[in-house]
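The model comes next, and then the notes.

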Amino acid sequence: MQKFKNYINGDFVNSKTGKSFTSIDPSNEKEFAEISLAEEFEVNTAVEAAYNAFHGEWSKILPSKRAQYLRAIGDQLKHNAELLGTIETKDTGKLFKETKFQANYIAEYYYYYAGLVDKIEGATLPIDKEDMQVFTTRVPVGVIAAIIPWNSQMFLTAVKLAPALAMGNTIVIKASEIAPTPLLEFAKIIDKAGLPKGVVNILTGYADTCSKLLTSHPKINKIAFTGGVHTAKHIVKNSAENLSRVSLELGGKAPNIVFEDANIDSCLEANLRGGFFNQGENCTAVTRLIVHESIIDEFTEKYLKKISKIKQGMPDDMKTEIGALISKNHFDKVQNYVEEGIKDGGELLCGGKSCPNLDGYFFEPTVIRIRNTENILFRDEVFGPVVSLIPFKEQEEAIFLANKTDYGLAGGIWTNNINRALKVAKNIDAGYLWVNTYGGIIPETPYGGFKQSGTGKELGEEGLEEYLRTKNISIFMGDSIPKWYGDN
Ligand code: NAD
């Protein structure tokens with residue numbers, strides 16, 4: 001069995017208590033890794049290391065050197081994409097062709113932020129006073145706690161780590177206890193990239209004995225969280241201890257509106273990826289396919305035909321097109337949602353059960369036609385390969401359906417009428433929309449949800465703001481300060 005340690009202050013360490021836990025390969029239910037469990041001592045040591053690095057060596061490092069470190073992380077990701085992909089696939093059931101591709105592509109996020117380190121400017125302010133010169137500078141926030149879920153770890157780490165380092169912050173990254181080995185392996189990349197000790201620390205542990213302590217630690221200045229809405233509410237409470245800054249990237253219930261004039265072939269192709277990439281364990285996954293009533297029958301027939309050809313199988317086989325769900329618990333949750341959706345009046349069109357002839361947690365690509373917005377599949381995030389299909393008549397109805405959710409992360413619009421596309425895009429209350437394509441979040445574009453999908457932005461120049469503070473400096477240029485207290 002492979003063994004993984006926590007990475008604290010530049011060393012790979014076992015936990016002080018000697019406790020460890022095992023990780024299971026969801027494609028065959030076998031234990032494959034033993035992981036050292038971080039608790040109070042490790043959290044405190046990691047935060048202390050990040051705090052000392054922030055106030056010490058890291059604070060003196062010039063932007064160009066920070067850019068070199070970011071490029072070195074990107075290069076190491078590319079060199080180690082195969083190994084990282086293999087480990088992530090084993091721990092999560094995600095396809096090797098996806099994990100390897102992602103580890104390789106994620107390098108671009110580090111290169112992008114390397115290019116921004118010396119482009120952040122303060123301002124000279126045109127104030128309404130004589131003899132005063134006022135300007136602002138941008139300074140780092142301090143020590144960041146990054147809480148990462150299990151589903152897309154290289155991406156969700158890069159969107160926090162790259163801007164944090166670019167702006168001169170230090171960080172403690174908490175990997176999900178459900179599948180922590182990809183990030184513990186990634187720690188070796190950080191080590192090879194040669195960053196000073198303590199600048200990046202990576203550990204894993206349980207919510208109560210690790211994550212809560214980290215997010216309420218008095219030396220944490222900002223929490224960057226990705227995960228579920230319920231957990232986010234705890235995170236916000238934890239942050240109150242220290243009044244830390246918080247950004248939240250949460251769940252989604254993405255609508256994809258298909259008008260009658262859409263390019264159906266492109267739309268079907270994009271929807272296969274939108275719904276079933278990463279087994280649907282994506283916060284931006286297409287989960288509500290809202291199709292014009294005049295084409296829904298033809299659309300459904302072609303869609304189901306394509307789905308029937310998707311190859312489900314072992315995630316490390318390059319021919320496989322959909323892998324295994326993360327855990328038994330999650331599999332049961334997905335199965336339960338499908339059963340509830342059918343009880344709520346949904347019509348099962350395909351899938352809805354485990355995959356025959358495979359031992360692990362494989363759930364078939366599932367489509368359910370629903371007839372009312374009260375159906376649980378219209379409301380709740382399933383986080384599996386389950387797409388609900390619902391017809392609409394008028395444009396206004398499509399917009400209404402798209403917005404009838406507590407979430408507002410992402411969505412798609414399919415039409416060849418540009419006026420219609422723009423009008424609908426303007427009216428959908430979500431943070432990231434695609435028109436005539438779906439999926440793919442690139443480094444230059446600000447990403448983040450509205451409503452219960454979160455607060456704050458990751459990526460783009462806006463993503464840097466989360467890791468910066470503005471300092472105002474006012475200079476009096478006159479000969480003497482005007483008197484206020486008379487002759488004393
Ligand atoms: P989760 O909320 O259960 O756990 C996320 C992390 O929070 C884990 O590391 C966990 O240890 C930690 N945690 C749990 N309870 C905590 C507490 N009380 N205090 C502090 N930390 C705590 O999420 P998950 O099941 O790992 O991931 C799935 C969720 O993540 C889905 O809802 C999905 O939509 C969301 N997600 C969002 C995005 C996005 O970019 N918006 C991306 C990926 C996943």
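What follows is a short tour of the ligand site and the pockets.

This is a predicted model, so local features need pLDDT of at least 70 and side-chain atom pairs count only at pLDDT 80 or more, while totals for chains, interfaces and linings use all residues. Residues are numbered from 1 along each chain as its sequence is written, and side-chain values use heavy atoms, with hydrogens and water left out.

**The ligand and its shell**

The ligand is surrounded by 29 residues, each with a heavy atom within 4 Å of it. Glu177, Ser211, Thr231, Leu250 and Glu381 are the closest. By class, the shell holds 13 nonpolar, eleven polar and five charged residues; here Ala, Val, Leu, Ile, Met, Phe, Trp, Tyr, Cys and Pro count as nonpolar, Asp, Glu, Lys and Arg as charged, and the others, Gly among them, as polar.

Now for some pairs of N or O atoms within 3.5 Å:

| Protein atom | Ligand atom | Distance |
|---|---|---|
| Trp150, polar side-chain atom | oxygen | 3.2 Å |
| Thr231, polar side-chain atom | oxygen | 2.6 Å |
| Leu250, backbone N or O atom | nitrogen | 2.6 Å |

On its own the ligand has 860 Å² of accessible area, and the protein covers 88% of that (Shrake-Rupley method, 1.4 Å probe).

**The largest pocket**

The ligand sits in the largest pocket, in the sense that more than half of its atoms lie within 2 Å of the pocket's grid points. A pocket here is an open set of points on a 1 Å grid over the protein atoms alone, where a 1.4 Å probe fits, with protein on both sides within 12 Å along at least five of seven lines; lining residues have an atom within 4 Å of a point. The volume comes to about 1000 Å³, taken as the space filled by probe spheres set on the points.

Its lining counts 38 residues, and Pro149, Trp150, Gly227, Gly228 and Thr231 lie nearest the centre. α9 gives the most to this lining, with six residues; helices are DSSP runs (H or I) of at least four residues, and strands (E) of at least two. α8, β10 and α12 (328–343) each supply at least two. Back at the ligand, α8 (207–215), β10 (222–226) and α9 (229–240) each put at least two residues into the shell.

**The second largest pocket**

This pocket has a volume of about 580 Å³. It is lined by 23 residues, with Gln102, Phe277, Gly439, Gly440 and Ile441 closest to its centre. α4 contributes the largest share, three residues. The lining has 14 nonpolar, eight polar and one charged residues.

Conventions. Polar contact = N/O pair within 3.5 Å; in protein donor to acceptor, adjacent residues only side chain to side chain.
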